[in-house]
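Please read this briefing alongside the model.

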Amino acid sequence: MRTTPTTSRIVPPWPATVAALISFGTLYLSSGPDPILPILALALLAVYLFGAQFVQGMRPIQFTRLLLFGGIYALSGGRQTNLMDAWGPAQALDTIAHVLAAELVIRAWQRGETGGGRRMIGLSGFIMLIACATDNARLIEVAAPIYFFFLILALRAERPAPAVKLPFRPMVLLTHGLPIALTLGTGALITQQFETHRPEIMEWGMEALGERPPTREGDVSGLSKSPVLGSTFNTPGSSTRILRIVGTLPDPHLHGMCFDTYHLGSWGPDMGDRNFVDAMPAQLGADAPGPRARVTRFVNDDGMVSAPLNSAGLHFASNLTPQWAPEDGGPVRAESADALTYDIVAGPSDTYQGPFCLPLTATERRRCLLVPAEIDPRVQALAQSLAGPDASPSVRIEAVVAYLIGHNAYSLRARRGSGDPVSSFILEHKAAHCEYFASAAVILLRCLGVPTRYCIGYYAHEGDGADAIVVRGQDAHAWAESWIDGVGWVVVDATPGNGRPDQTSKSSLWWKVRDRWQDFTQGLRAWVNRLRPAQRLALIGGLGAILLASNVWRLWKARQARAGIFAYAAPPGELSALAERFEAYLNRQGSPCPPDVPWREHLSREASSTWDRERAEAFVTAYNRARFGALDAPTLTALQQSLRELEKA
Amino acid sequence: MSSDLATVVGKIEANLGRVVKGKPESIRLALIGLLSGGHVLLEDVPGTGKTMLAKSLARSIAGEFRRIQFTPDLLPADITGSSFYNPREGVFIFREGPVFANVVLADEINRTSPRTQSALLEVMNEGQITIEGLSRALPRPFFVIATQNPTDYHGTYPLPEAQLDRFILRVTLGYPDFAHEMEILISQKEHHPFDDLAPVVTPDDILQAQEAVRAVRVDASVAEYLLRIVQATRTDSRLRLGLSTRGSLALYRTAQARAALDGRDYALPEDIRALAVPVLAHRLGLDTKAKYGGVLPDQIITQALGEVPVPR
């Protein structure tokens, strides 16, 4: 008779342990943000639990998975004008891997009743999911396949072997192949539908998610160094913390980088086309007087340094040499792998001109006044109708801002149109997001002879404690900056109030939880990165020890529970003593009897043993008669005698 | 064990051994079913000797023996019997059906309609028939030995678990080994050994043996062991239907019978282990996922046996 060893159900299968270790290692090595995938995994789990209520539970699951896959596909590729650029093989692989990871975790969870390693698999999968949500694509490419391999091994180990092996039949191929083909076909169809109706789905999804755009790995900072006006955000940004500012700011608009060349919806020059030189502390106004705000930058993002336009100066640590491009609008860069800290010197007044507000040179003036040829002539005419020829620059600026806010609406979905996107926005579609408003303001002001440039940066609004502000990737914003002779550069934000980041970010519980989770994982990774090698080793060892200890504890508990359930009333004292002696005898012979096997059966299994089986069998027969039949004094004496002989032999 | 029981069992075993060769375990299980006072289901592929075993067992007992070949057009009245009008005397006369016998062989029970099946199964349980308001007691001992072929489903009405539950145990035969099959070939050269088979025991002998079985002692720990195995099946998630109390009782009674057959007046945990699969497996209802996932009821029982510690 085949018996199942009792311990195999409690000790987790070893591949599960390996999978857990790989996931820990990946977490330890990875760095990067984005909590959306663990959340997705949880959502999928919820879907599974719901789906399990159906008798034929697999159908809704399959369908939901396909929907999810299509949704991820649509959301991942949706922000680029050119789908193929956004949706390369790497992203596809990555997405599928995530969906599979989530599903495997759920499958592991599903094996509740028989699953020895289910907690281990579940835990490791969850950690892997966190680790997967990183920037380090190469790491995931290497770790994920290995992880899946062991996870599948672990799941297989959990499965009881089928009793009958079905012979191969062509019909099986048909009956199994047809649903698979249908599933694949349905998946392709759904994906295609997603692709066709992506804008609608995007809009619906954004509304459902509180009008905040979905995120994708790589779009952390929300700032594009070569802005292009598209149908959706250029880079919508994530909820990752970019900056934390302690102190007061003269202006919530944090100037990052500006552009003055426009061509068919694209702004230039690119970062690479600018001439960067080392910036001396004096040039950056490091010692300027005035109140200071301490900024911690978490994300490097090409070393971009953000500060209000009218900051009097920037102060960096002495061991750091920032760079800037004074001839090309002067963005300041300071490369740093870890978090970077710098001080912003707030200017005494709105018109104070600091390092971001270098006086306008003749070349720059020419560039900032150039109205590109592709701009519709009606835009020129419109601009002229807004302000008279005698109006001062500030009046013209006010007129343009008032016109744009009054006549155009904020929308996350923009129609790029067939020709020049800015002309089409001003004249026809009249609904778009901040990038369009900023570009339109620049063009209209240039038409009115006000030198204006396009600027990207952040809008700081989210409080963090008493006097600190947190800036996240999703706070990225675009606006215009105009030069007024005698005053200097001023911020021209023509985006309607409901389009500014402080208004678009909803304060729902969902987003709060998401942001907090994001902060936590980001902090955790930063913390791990700061550890010394010995400390990291200790951390991994500690986690391993916890895993080991938890398993030992579970084993012990399961044994206890078993002992409690399966305790039989002990036989009379003399018999108990005899039974214990006989068990001890078997142990001495190197053949301990498992608890689920009667002695006689055990003896017959140990046919090859060298010890005295005949005597042992005689003892067992006599013992059984006494134990389960009638116990009398002569039997007991005979039993004792028999055991004594056995022990002697 | 009383010497009567030993004689009875010995005689029947010797008798059956002449016809059914190389299957002492199956013969023993059938005898356990008979001596426990239950009914036995023989299940295997065609041509393995199911009917031969059943017929030989029936012929070994000198009581009334009837055989019913189950066909799709069989009616309940064909089993239980019915009343006929006697025009000469002007009264209805009850003509007894084939169930009024000591041993009834229900051949290919799954080939008849559920209606007819239930008629037989009801009789099996109650030991009497009520027809036209009159209860008629069946002769004692009353032993049904049914056969069915589990693989050919075409044109059959498989018995549901509730009806399978009425059989105290299920015996499978399997193919004989090489030597025994050779022996079968040679022994049937001139005529079938079954033709020489004569009754060796009387119905009274069987009744007495059944009484003796009930006297076998079952220690509390053995009963507890039995119940834990049953409990283990009730909590198994792969089962739609765990074991019934009738199942527990059947295991209890058959364990007594096995002990008696072994010449013991006390039952051992080994009896429970040996009988768990034949007595319990056919009563289990697998859930759809397990059924199509290749799980067999036998495995579930075996697994439960591997989990529950044995009393010592």
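In chain A, helix H11 (residues 377–386) packs against helix H13 (residues 421–429) at an angle of about 65 degrees, and their axes lie 9 Å apart. Helices here are DSSP runs of H or I with at least four residues, strands are runs of E with at least two, and both are numbered from the N terminus. This is a predicted model, in which local features need pLDDT of at least 70 and side-chain atom pairs count only at pLDDT 80 or more, while totals for chains, interfaces and linings use all residues. Residues are numbered from 1 along each chain as its sequence is written, chains are lettered from A and ligands numbered from 1 in the order in which they are written, and side-chain values use heavy atoms, with hydrogens and water left out.

**The helix pair in chain A**

- The axes are lines fitted to C-alpha atoms over the stretch in contact, and angles run from 0 to 180 degrees between N-to-C directions.
- The crossing of H11(A) and H13(A) is left-handed, a term for a near helix turned anticlockwise from the far one by less than a right angle.
- On the side of H11(A), the residues A:Arg378, A:Val379 and A:Leu382 meet A:Ser423, A:Ile426, A:Leu427 and A:Glu428 of H13(A), where contact means heavy atoms within 4.5 Å.
- The residues of this contact comprise 4 nonpolar, 1 polar and 2 charged; Ala, Val, Leu, Ile, Met, Phe, Trp, Tyr, Cys and Pro count as nonpolar, Asp, Glu, Lys and Arg as charged, and the others, Gly among them, as polar.

**Chain B as a whole**

- Chain B contains 13 helices and 11 strands.
- Of its 312 residues, 54% count as buried, which is to say under 20% relative accessible area, with exposed meaning over 50% and partly exposed in between (1.4 Å probe, protein chains only).
- Among contacts in chain B between residues at least 6 apart in sequence, 78% join residues at least 24 apart.

**Salt bridges**

- Over all chains the structure holds 32 salt bridges, each being a side-chain nitrogen of Lys or Arg within 4 Å of a carboxyl oxygen of Asp or Glu.
- One of them joins the side chains of B:Asp262 and B:Arg28, at 2.9 Å from N to O.
- B:Asp262 lies in the loop between helix H10 (245–261) and helix H11 (269–280) of chain B, whereas B:Arg28 lies in helix H2 (residues 24–35) of chain B, so the pair ties together parts that are 234 residues apart in sequence.
- B:Asp262 is partly exposed at 41% relative accessibility, and B:Arg28 is also partly exposed, with a relative accessible area of 23%.
- B:Asp262 and B:Arg28 are linked with B:Glu13, B:Arg258, B:Arg264 and B:Asp271 in a network of salt bridges.
- Another salt bridge is formed by B:Asp219 and B:Arg217, whose closest N and O atoms are 2.7 Å apart; B:Asp219 is buried, with a relative accessible area of 10%, while B:Arg217 is partly exposed at 38%.

**A buried residue in chain B**

- B:Val171, found in strand S9 (residues 169–171) of chain B, is buried, with a relative accessible area of 0%.
- Although B:Val171 and B:Leu41 are 130 residues apart along the chain, their C-alpha atoms are separated by 6.2 Å.
- Leaving aside residues up to four places away in sequence, B:Val171 touches B:Ser26, B:Leu29, B:Ala30, B:Val40, B:Leu41, B:Leu42 and B:Glu43.
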